[in-house]
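This briefing is for a reader who is new to the structure. Please look over the sequence and the model, then read the points below.

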Amino acid sequence: MALKIVKGSIDRMFDKNLQDLVRGIRNHKEDEAKYISTCIDEIKQELKQDNIAVKANAVCKLTYLQMLGYDVSWAAFNIVEVMSSSKFTYKRIGYLAASQCFHENTDVIMLTTNQIRKDLSSPNQYDTGVALTGLSCFVTPDLARDLANDIMTLMSHTKPYIRKKAVLIMYKVFLKYPESLRPAFPRLKEKLEDPDPGVQSAAVNVICELARRNPKNYLSLAPLFFKLMTSSTNNWVLIKIIKLFGALTPLEPRLGKKLIEPLTNLIHSTSAMSLLYECVNTVIAGQYSCSVGNTKSHSAQWPQPFLCVQKLRILIEDSDQNLKYLGLLAMSKILKTHPKSVQSHKDLILQCLDDKDESIRLRALDLLYGMVSKKNLMEIVKKLMIHVDKAEGTTYRDELLTKIIDICSQSNYQYITNFEWYISILVELTRLEGTRHGHLIASQMLDVAIRVKAIRAFAVAQMATLLDNAHLLTGNMQRNGICEVLYASAWICGEFSEHLENPMQTLEAMLRPKVATLPGHIQAVYVQNAAKLFATILKNQEGNTDSTTAQETSQLMIDRLPLFVQSANLEVQERASCILQLVKYIQKLQQKDVEIAEEVSALFAGELNPVAPKAQKKVPVPEGLDLDAWINEPPSESESEDEQPKAIFTKEEPKHSRPRHTEVDEKELARRREARKQEQANNPFYIKASPSSQKVYQDAPGVEHIPVVQIDLSVPLKVPGLPMSDQYVKLEEERRQKERAEKKKKEKKKRKEKRSGRGRKHDSGPESEEDITPAHVVDIVTEEMPEDHNHLPSPYLSKVKICICIFYLSRPLADSEKLPVRSHRAAGAPKSSAEDGEVENATSQEPKKKSSKEKREKKKDKDRERKVRFGCWKHFPPSETDSWSALNSLFFLFFFPLALPTKVCDIQGNLQDGSQVVVSVIFENKCESFLKSMEFNVLDSLNSKLQRPEGSGPHDGLTVPFQLPPGVSNEARFVFTVQSIVMPQKLKGTLTFIVKNEDSSTHEKLDFKLHFTCTSYLITTPCYSDAFAKLLESGDLKSSSVRLEGVNMPFHHLLARICFHHHFSVVERIDSCASMYSRSIQGHHVCLLVKTSGQTVSIDAKCDEPTLLGNVLDEIKQTFSQC
Amino acid sequence: MRFMLLFSRQGKLRLQKWYTATAERDKKKMVRELMQIVLARKPKMCSFLEWRDLKIVYKRYASLYFCCAIEEQDNELITLEVIHRFVELLDKYFGSVCELDIIFNFEKAYFILDEFLMGGEIQDTSKKSVLKAIEQADLLQEEDESPRSVLEEMGLA
């Protein structure tokens, strides 16, 4: 026995201890793996020894090797052996090894339960401590279940050292064995008030972590925590408590109110940045949760972000990079709820772009995205462009590039006022070497050139320059993405070639031999667009007696195209050989002096127009066409999938015949769908649904009111050479100044005209966001057409063109008066501020409704007569109403030329369903006094009633929900219920209001009439001739007719007038005879047959409701009786 | 806190502590990835970065990087504070600590860490009580060891 011990001890002297192992590894850098494998062999020998000291030493070495990445799971049992040693030294090593190596699937863990239980109840607190520490790392659900009770007992141990550890490990136990939470919670709660600060903070920690997972259960603890928060001075604990409150406040908004004061105090007083940051973050989160939830009343309880922003500014200004970073991070959270308060720190954020630290710069970039406005876009982008030049490292530069494009293009180029500037920016960006984002720039160029018509000439000039200097882009490119830009350049130059100054030069540039080195899909575009240019040149040369230029062009094409015919790319080859043959044929004709320009340009005739995202849906499906039915027998599924639209920017794939999948599973289909979406997203011509855009209109009431004034560009459209975006910044500044000056002048004039002594001064002050007018207008195809919009005459259906967003409001509204108005309605607004002449013009179209009436004279103003002119307006000229003319609306225009409270009420009725009529009234205060307490009342008839809120009597007026300062207008809507629509209606109404002057206020009253004509109940509805014939054949319709004498206008004008004024659509027209159709909001069919001979027009009409028909015909008659 | 890593400028792992169960393979992958990212950062850069769904807080002390992974809602600044506190503890224990101390006494470093953090949460915010606990445990260990050396002598004798 003794000998054995001696032998073991002697062996041990030669064993390596941990230090030897580490040293050995450091000395065997070249053959580390070999050295370690011999060490592991030794360790295996050592583990076979009975001596626990030897084993512990071996386990300790294994723990080290495990960290180096070697697998030691084979020694798990030996680790358990060492753990069970009665000696603390070995136990400690054993538990350490276990905590490093064991995981839930280690099977020996189940052997440890009893050992751990024994250690937990050991009289030695360090045994217990070591066991708890180890357990916290490898606790499994089984261990948690078996030991939960023991640990719970330890929470009340006499030694704080054990209590603390027991409390902390309970969190892990709860996670693994949730059933233990309920019995253990009361004790855990007790520990919040433990006399030992360590135990207390451990309890706060655990409850805070638990609350983060499920805050609802911990609301009841709020008062306790509140007490802790106000009494504790330990920042570690405070941070946890504040975090806990951050999780609780969304559930109990009243908490927010209570927290304001302590949080504000902490923010003001603390010197610990970590605590300050936590407070600020909690306040931000509180504001955010309030703004998201509909707890509006509580949002006021959170302190305004001012304090937070102020403090964050201090963080950002700090020289410590960490604080800077966190400051920016928190700022971006505030930006979501209070963009204005962040925007005022623009200077600071811009400074951060100069920071040495890339992560700080990226944060600042993120912030800038949300901070741009019309006013500062150019400035910010200019700053970014400087950084692009300076940036080293392509990743950051690419990031900058995408951010610039993101910032500019966000919300449909909302913030761009000058597109020449934007094009120049894009062109400048093409000079970046080695960027991956060529296709991004290209798609922007295409998008802008297509949608901003006014910019095309400029864009084409720039693109031509780019093509000419293509070698600069492609010079040192090897597979570099920037050549994608040439794709856009070539297409724009070809498509809009009529704007080219020198098409010949561009054509030459496009057919240079160097082009053949470009990627295939770009070459293909080059070839195709060379043909377009060719057509343009021929057209330009037409009529020129000297045909040499035209012939030279043909020769150039014939000389250069063969290069492309030989291209390895199929697409290029095919296009080139087609076009080559065509040109050869043209040349033949040219030699015979045949005029062919017309025919050649017909090849590329037609304009590409944007189409609204849901335009296709609006096209009525012709009767008898079943879109879901197969035309032929359905082929195998894979075939139908193969006709995916070809994206423009996809890399050309070699067109090997792929093996067809006969069976396509669900997953594959989903993948393909995704891929197709991706492709469509890359395709600039595929206009995607942009869900955000509509929101923009609704969320931002001011958008429609942005005055867009057509401005003569003070910039020459052609800038020689590549453009410099900087000059636009300057020019834009000048333009804005000029505008401002003009506006001021106008205002002065106005003031003079008013020649009022006490005219209030409202200086335009600093330029507000809305004052900046864009110099170009974008065609933005985002707004959906109103649902009943299906009146488009069929020939136009193929090329639906919807351009909205152009508003000519001459008098912008102040911020406070803006209401969320849908844009098609707003387009009507110009009329509200129309000049007198226009009003009379309109009324003259409708003599009957012009019924001007004398109104009661005002007591105050007896010498003045108040005339009310009353006009009815059904439609605007079609050119301006493209998208919304179908909205069957009636427009009443009231005009009260008065010196004192004068208002124009523009009443638009919008009939939306069978019995409800929405009337929008625009109140405009033209006098110099303040108007308030306006009440709108209409005398109900049996048929039509004003809808009043429940509980009010039938004669009560409706309060207009706003007041009107001088010179301000606002819109209010009133809903009427109409029972029968067969008769026209006139409703009498009164508007009462209080005129408030500086010294006095008087009660005033205006009478008016609302006129609902029968035509206004008609909706323009298209009808196909066969359906029309069926309708007439059915025999359900009563007929009636009318003759108009002395109509002196061409037939198509006459038809247009009926369509326009009375909401009909033409079904068919044969010579001087036409059939027309319309439908009422209650579904009555109205059919007309209009014939003309000389000056007599006869209208035979049929309708299922004779009274309605009679009235409609009367109204038609009146329309024409004045011509 | 999800885990804490200590590694050297050369990319050698010196200490790792995982507070959530993670498979060996994933551990290795994450360590390799993080070391690459953190070592590539320039000295003047801030100490935070976003990585996968975690926030990484790291700080360099001499040739050693201390690197913690925390969750989305955790406070970065207090994590820096944790790292600093740990370094102070090491410093106090070893007496101006250097990388070699940690290499050769890695188990001691673990013991200190375990007294300071448990399951990823701060165990005690007072430096004093942590050091006291360590010293006493070490004392216990020495008591353990001294009778053993007597035994050994007996065995040899």
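Which residue's side chain meets that of B:Glu88 in a salt bridge? The partner is B:Arg85, with a distance of 3.9 Å from N to O. The model is a predicted one.

**Chain B as a whole**

- Five helices and seven strands make up the secondary structure elements of chain B.
- Read from the N terminus, these elements follow the order β-β-α-β-β-β-α-α-α-β-β-α.
- Chain B has 157 residues, and 57% of them are buried.
- Its accessible surface is about 7,000 Å², and carbon and sulfur atoms account for 52% of that surface.
- Of the contacts in chain B between residues at least 6 apart in sequence, 48% link residues that are at least 24 apart.

**Salt bridges within a helix**

- Over all chains, a search of the whole structure gives 46 salt bridges.
- B:Glu88 and B:Arg85 both belong to helix 2 of chain B, which covers residues 76-94.
- These two residues are about one helical turn from each other, because they stand three residues apart in that helix.
- B:Glu88 is partly exposed, at 26% relative accessibility, whereas B:Arg85 is buried, with a relative accessible area of 15%.
- In chain A, the side chains of A:Arg23 and A:Asp20 form a salt bridge with an N to O distance of 3.7 Å.
- A:Arg23 and A:Asp20 sit three residues apart in helix 2 (residues 18-27) of chain A, so about one helical turn separates them.
- A:Arg23 is partly exposed at 43% relative accessibility, and A:Asp20 is partly exposed at 31%.

**A salt bridge between the chains**

- A:Arg92 and B:Asp138 meet through their side chains in a salt bridge of 2.8 Å, N to O.
- This pair joins two chains, because A:Arg92 is in helix 6 (residues 88-101) of chain A and B:Asp138 is in helix 5 (residues 127-156) of chain B.
- A:Arg92 is buried, with a relative accessible area of 3%.
- B:Asp138 is buried too, with a relative accessible area of 10%.

**Patches on the surface**

- A patch of negative charge on the surface is made up of A:Glu542, A:Asp593, A:Glu595, A:Glu598 and A:Glu599.
- A:Glu542 has a relative accessible area of 32%, so it counts as partly exposed.
- A:Asp593, another member of the patch, lies in the loop between helix 33 (570-591) and helix 34 (597-602) of chain A.
- A:Asp593 counts as exposed, with 63% relative accessibility.
- A nonpolar patch on the surface is formed by A:Phe77, A:Met110 and A:Leu111, whose accessible area together is about 360 Å².
- A:Met110 is part of helix 7 of chain A, residues 109-120, and is exposed at 65% relative accessibility.

**Residues in loops**

- A:Asp593 is not a glycine, yet has a positive phi of about 60 degrees.
- A:Asp1071 likewise has a positive phi, of about 50 degrees, although it is not a glycine.
- A:Asp1071 is in the loop that links strand 14 (1065-1070) and strand 15 (1073-1080) of chain A.
- With 64% relative accessibility, A:Asp1071 counts as exposed.
- A:His437 occupies the loop between helix 25 (419-429) and helix 26 (438-451) of chain A.
- A:His437 is buried, with a relative accessible area of 12%.
- Apart from neighbours within four places in sequence, A:His437 makes contact with A:Asp398, A:Leu401 and A:Thr402.

Conventions. Residues numbered from 1 in each chain as written. Chains lettered and ligands numbered in written order. Predicted model: local features only at pLDDT ≥ 70, side-chain atom pairs only at ≥ 80, totals over all residues. Heavy atoms only, no water. Patch = residues over 30% accessible without salt bridge, like charges linked within 9 Å, V, L, I, M, F, W, Y side chains within 5 Å. Areas by Shrake-Rupley, 256 points an atom, 1.4 Å probe, with all protein chains shown as cover. Salt bridge = Lys/Arg side-chain N within 4 Å of Asp/Glu carboxyl O. Lys, Arg positive; Asp, Glu negative; His and termini not counted. Charge placed at Lys NZ, Arg CZ, Asp CG, Glu CD. Buried < 20%, exposed > 50% of the residue type's maximum accessible area, 1.4 Å probe, protein only. Helix = DSSP H or I, 4+ residues; strand = E, 2+ residues; numbered from the N terminus. Contact = heavy atoms within 4.5 Å.
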